[in-house]
Structures are given as structure tokens and as C-alpha cells.
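The following paragraphs lead through one protein model. Please keep the sequence and the structure in view while reading.

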Amino acid sequence: MGPLAWIIATTVGISLTAWVGILTLYLRDELLDELLLGMVALAAGSLIGGAFLHLLPNAIAEAGAEDTLPLFLYLIAGFCLFYVFEQFLQWHHHHGTTHEHEPVSYLVLASDTLHNFIDGLVIAGAFLLSTPLGVTTSLAIALHEIPQEIGDFGVLVYSGFEQRRALVLNYLTQTTVIVGGVVGFYLNDVITGLPAFLLPFAAGNFIYIASSDLIPEIKHEDDVVRSILYFLVFLVGIALMLGVRLFRGVVG
């Protein structure tokens, strides 16, 4: 398949993660919360591994070893952008089924729409560099999306949306990842060097979400055994990205 076919296939697959909210209709809240924390730990590890083991090395290789400063400025820009979203637009990823504060449901939908569009741009940039990089980037994004989509579904239902409507709205916001992927593919013909810009920008995004949003939730666990288990799952996420990287080196 060509890059566009890969972009469409993976973004369509990622958009379907919005329907994972259906699981919340059949699982007890206590069991769901335990599963969510495990998925959050795995997502955090995969995002950290994806940023440091895939996105940054490929961005540096693409730009050349003598001109890495702009790449790290892009990384900082990606980190700061999501800091601004969370700090000033109250963009919070809810991973549990209960919430202490009443959520701003429409703001969640709007911010998720923008977030998913950016994810699509990032996926397009990765596939334009290489298929393996695109696949690993898509995997890291998908692992993060699953707990987020369950949490977002819970936010909408908690806000008063009927469950079916919440599922549909959640899916519609998720489909912007497809739009972002297609736009990113065609935008590359207009803006040269787009992948080299998007990869470190996405790395900053990944690092911020993992360190500021996901890891703190794992650290809230008081049970020592579960805390150790979640840390091991976090390491599994990193090991998964490392394994993919090593496999690429062998077959490449």
C-alpha cells in the first residue's frame, strides 16, 4: 500500500476506538477503573517510548545531525501547546468513571476534535517518512486513545448526555483524525519538510500527555502491589516500542 492508503487505514482504525465506550455499559465501575489504570500505564509507557525511541531519532536523522536545535524547539512547542490547552482551556483527560467536578462537556468535545486532527497530521507525517514509523506512531496514539475515549464517554454521560448520543458524538470528534491524516498527506506537497516538523512536535505532545496527565493518575494508587504492577505495565509499554524499534533495525 502507498502512504495515503496506510494513513486512511490506520486513522479509520483509530477512529473506531471511540466505540470502546460501549464497554462501560457492561462492566462494573470498580472493575472498569482497575482496567483503565492498567491501560493508562500501558499508554504512558508507549507514549514515552514512541517519543524517545521513534519520533525524535527519526526527526534527527531526517534533519541531519548538525541542525537539531529547531527540532527541540518544535518539541518544546508541542509540549507547551498542550500545556496551554490543559491549563487555560481546562482540557482534562478523564480516565475514571467518577468525577469530582462537573465537566464542561462541549469543551471536551471541541478540544478532542482539535487533538484528534493533530493526531492525524502526526500520523501522516510519520507515514510520509516510512511505513514502519507510521505504524509505530499510530500504535502509540491508539494505545493512548482507548482509555481517553472511555473517559470522554463517561464525561459526556455524567454531563447528562444519553448514552447513545454520547457514543455518536464521541465518534464524530474521533473521525477528525481521518481528516487530519488526509490533510497532512496533501499538505506535505505544499509545505516541504512537514514530517520533520511534525515528528518532534508530536514527541512534545506525547511527553506532555504521559508525564503530566497519565503518570500522575498511576501515582495516585495507594496499594503498593498495584502500584508496582502499574509500573511494570508502564515498562511493558516502553519495551513494546523498543521491540518494534529493534525489529525495524533487523528487517531494515
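On the surface, Ile 8, Val 12, Leu 16, Trp 19, Ile 22, Val 168 and Leu 172 form a nonpolar patch, and together they have about 540 Å² of accessible area. Two or more residues of the nonpolar patch come from helix H1 (3-15), and likewise from helix H6 (163-174). Patches are made of residues with over 30% relative accessible area and no salt bridge, where nonpolar side chains (Val, Leu, Ile, Met, Phe, Trp, Tyr) are joined within 5 Å and like charges within 9 Å. A salt bridge is a side-chain nitrogen of Lys or Arg within 4 Å of a carboxyl oxygen of Asp or Glu. Accessible areas come from the Shrake-Rupley method with a 1.4 Å probe, and for residues only the protein chains shown count as cover.

The model is predicted: local features need pLDDT of at least 70, side-chain atom pairs count only at pLDDT 80 or more, and totals for chains, interfaces and linings use all residues. Residues are numbered from 1 along each chain as its sequence is written, and side-chain values use heavy atoms, with hydrogens and water left out.

The chain has nine helices and zero strands; helices (H or I, at least four residues) and strands (E, at least two) are DSSP runs, numbered from the N terminus. Of its 252 residues, 46% count as buried, where buried means under 20% relative accessible area, exposed over 50%, and partly exposed in between (1.4 Å probe, protein chains only).

Leu 16, a member of the nonpolar patch, is found in the loop between H1 and helix H2 (29-63). Leu 16 counts as partly exposed because its relative accessibility is 47%.

Leu 4 lies in helix H1 and is partly exposed, with a relative accessible area of 23%. The C-alpha atoms of Leu 4 and Phe 185 are separated by 6.7 Å, although the two residues are 181 residues apart along the chain. Leu 53, in helix H2, is partly exposed at a relative accessible area of 24%. Between Leu 53 and Ile 238, 185 residues apart along the chain, the C-alpha atoms are separated by 8.8 Å. Ile 146 belongs to helix H5 and counts as partly exposed at 25% relative accessibility. From C-alpha to C-alpha, Ile 146 and Thr 17 are 5.9 Å apart in space and 129 residues apart in sequence.

What of the interior? Rolling a probe the size of a water molecule over the atoms shows where empty space is left. A search of the whole structure finds two cavities of 30 Å³ or more. On a 1 Å grid over the protein atoms alone, a cavity is a set of points where a 1.4 Å probe fits but cannot get out, and lining residues have an atom within 4 Å of a point. Grid points are joined across faces, edges and corners, and a volume is the space filled by probe spheres set on the points.

The second largest cavity holds about 40 Å³ of space. Its lining consists of Leu 47, His 115, Asp 119, Ile 141, His 144, Asn 205, Phe 206 and Ile 209. Helix H4 (105-129), helix H5 (131-158) and helix H8 (194-219) each supply at least two residues of this lining, and H8 gives the most, with three residues. By class, the lining has four nonpolar, three polar and one charged residues; Ala, Val, Leu, Ile, Met, Phe, Trp, Tyr, Cys and Pro count as nonpolar, Asp, Glu, Lys and Arg as charged, and the others, Gly among them, as polar.

Technical notes. On a 1 Å grid over the protein atoms alone, a cavity is a set of points where a 1.4 Å probe fits but cannot get out, and a pocket is an open set with protein on both sides within 12 Å along at least five of seven lines; lining residues have an atom within 4 Å of a point.
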